[in-house]
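Q: I'd like to learn how to read the features of a model like this one. Could you put it up and take me through it?

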Amino acid sequence: LPQPGESHPALRVDPRVHGANTVITNLDFLDAVKEGRLGICNLNSSDESESKSLFASPESLVREKVTKVVFATGYRSSAERFLPEEVLGPCEADFSSDYLPLVLYKATLHPTLDCLAFVGMYRGPYLSTIDVQARWVASLVVGKVSRPPQEKLKRFLEDERAVRATGYVGEEAEGHRHPFPHSNVVGFTDSIAEEIGERPLVRELPGLAGAWTSSNLYRLKEFLAAL
């Protein structure tokens, strides 16, 4: 994959800050910057520690008379404001970072909290992952599926603590810290889907293995039932 900095110096990724891995979601964007179809306008920031850039066609800012820009750069959970210590304590809550603020089984359940579940409580969840988490929780509520055994839940928490501390589990811990705690999006989402019997068999088809993260893949049973 191309390095962002090859398209424009402002896009250079410093491995000392962001780790050895680079997430690129749109190669067309880099091509557009490199070819000058999309310009980068550096903006002054009141926070000198944070560099901000605006991606737009060079003429559009003048044409549209833009005077203010709102940067929606993400969020951090405020769950610690309303969850009691009886919940935060067992979940080993740490909201100083959005990396993995709670230690949970598949970012969803905790072995000591039978009546509480979470979705999307880690850095970088895909919509398909959140969708499957929500369906799993709903299935638990109505009794469609059972909770995993306590020992299985506790064993997973050990790995989750390692992920929080190093970014990796086991032998992988020798590498650089990954910027996302569950970076294998397909594998992680599939493992949650297995809890409700919805792991996409379509991945077994040639050319599709591990390639899709669409929420629709986890609804094939609903689709087939409607035929």
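A: Let's start with a term: a contact means heavy atoms within 4.5 Å. This is a predicted model, so local features need pLDDT of at least 70 and side-chain atom pairs count only at pLDDT 80 or more, while totals for chains, interfaces and linings use all residues. Residues are numbered from 1 along each chain as its sequence is written, and side-chain values use heavy atoms, with hydrogens and water left out.

Q: Good. Which residues is Thr108 in contact with, leaving aside its neighbours within four places in sequence?

A: Thr108 touches Ala117, Phe118, Gln133, Trp136 and Val137. Thr108 sits in the loop between H4 and H5; helices here are DSSP runs (H or I, at least four residues), strands are runs of E with at least two, and the numbering starts at the N terminus. There's also a C-alpha to C-alpha distance of 8.1 Å between Thr108 and Gly120, twelve residues apart in sequence.

Q: Is Thr108 buried or exposed?

A: The cut-offs first: buried means under 20% relative accessible area, exposed means over 50%, and partly exposed is in between, using a 1.4 Å probe and protein chains only. Thr108 comes out at 0%, so it is buried. Across the protein chain, 34% of the 227 residues count as buried.

Q: What about the overall layout: how many helices and strands are there in the protein chain?

A: Eight helices and two strands. Reading from the N terminus, the order is α-α-β-β-α-α-α-α-α-α.

Q: Why are H5 and H7 called roughly parallel?

A: Angles under 35 degrees count as roughly parallel, over 145 as roughly antiparallel, 65 to 115 as roughly perpendicular, and the rest as oblique. With an angle of about 15°, H5 and H7 are therefore roughly parallel to each other.

Q: Which residues meet where H5 packs on H7?

A: From H5 you have Ser128, Thr129, Val132, Gln133 and Trp136, and from H7 Val185, Phe188, Thr189, Ile192 and Ala193. By class, this contact has six nonpolar, four polar and no charged residues; nonpolar covers Ala, Val, Leu, Ile, Met, Phe, Trp, Tyr, Cys and Pro, charged covers Asp, Glu, Lys and Arg, and the others, Gly among them, are polar. For the spacing, remember that an α-helix has 3.6 residues a turn, so residues three or four places apart point the same way.

Q: How many residues of H7 are buried?

A: Eight of the ten, so H7 is largely enclosed by the rest of the structure. Among them are Val186, Asp190 and Ser191. The buried residues of H7 pack against H5 and helix H6 (150-166). Val185 is buried too, with a relative accessible area of 14%, and its C-alpha is 9.2 Å from that of Ser128, 57 residues apart in sequence.

Q: Finally, how many disulfides does the count come to?

A: A disulfide is a covalent bond between the sulfur atoms of two cysteines. The rule used is a pair of cysteine sulfur atoms within 2.5 Å, and by this rule the count comes to zero.

Terms used:
Axes fitted to C-alpha atoms, helices over the stretch in contact; angles between N-to-C directions.
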